[in-house]
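This report looks at metal sites and ring contacts. Please have the model open while reading.

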Amino acid sequence: MSENKPTPELGDRDRKRCPVCGEPSYSTAGVHPQCSVKQADAERSQNLKESRLAGEANQAESKSTGPSRWQKVCPNCRAFLHVRKKHCECGHPFATKSQA
Ligand SMILES: [Zn+2]
Ligand SMILES: [Zn+2]
C-alpha cells in the first residue's frame, strides 16, 4: 500500500520552476522576466511597508494611552510624568520605596 508517492509530472521535473510564482519556467534563469520584476517590486514595497509599519508602531506607542518607558502615571490625576519626577504637579508625591 504505497498510495502516497509524490505524483510525478513527467517532464516537469526537469523544468526549472519560477521561484516567484512556482510555475514552470522555460527561461534560462528559471524566473519569468515579469516575475523577477514583480519580485523586485514586492521586495521594495515590502520594505516600504515594514518601515512604514515600524514608524506607525513607534507613533502608536508614543501616542498610546499607556506611559512610555521613561514615563509613569500619577495615580491621582493620571498625568504622565517623567520617571525621575518626585512630585506630580497635582501634588502627588512619588515616594521611592528604598528611601522612604
Ligand atoms: Zn513566475
Ligand atoms: Zn498628579
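Is Cys77 buried, partly exposed or exposed? The model is predicted. In it, Cys77 has a relative accessible area of 37%, so this residue is partly exposed.

Cys77 sits in the loop between strand E3 (71-73) and strand E4 (80-82), and Cys88 in the segment after E4, so the pair ties together parts 11 residues apart in sequence. Cys88 is buried, because its relative accessible area of 6% falls under 20%.

## Zinc ion (ligand 1)

Four residues supply the protein donors of the zinc ion (ligand 1): Cys18 (SG), Cys21 (SG), His32 (ND1) and Cys35 (SG). The spacing of the donors along the chain is C-x2-C-x10-H-x2-C.

Cys18 belongs to the loop between strand E1 (16-17) and strand E2 (24-25), while Cys35 belongs to helix H1 (residues 33-63), so this pair ties together parts 17 residues apart in sequence. Both Cys18 and Cys35 are buried.

## Ring contacts

What sits over the ring of Phe94? The charged end of Lys72 does, 4.1 Å from the ring centre. Across the whole structure, a search finds zero aromatic pairs.

Conventions:
Residues numbered from 1 in each chain as written. Chains lettered and ligands numbered in written order. Predicted model: local features only at pLDDT ≥ 70, side-chain atom pairs only at ≥ 80, totals over all residues. Heavy atoms only, no water. Donors = N, O, S within 2.8 Å, 3.2 Å for Na, K, Ca; no water. Helix = DSSP H or I, 4+ residues; strand = E, 2+ residues; numbered from the N terminus. Buried < 20%, exposed > 50% of the residue type's maximum accessible area, 1.4 Å probe, protein only. Phe/Tyr/Trp six-rings, centres within 6.5 Å; stacked < 30°, edge-to-face > 60°. Lys NZ or Arg CZ within 6 Å of the ring centre and 35° of its normal.
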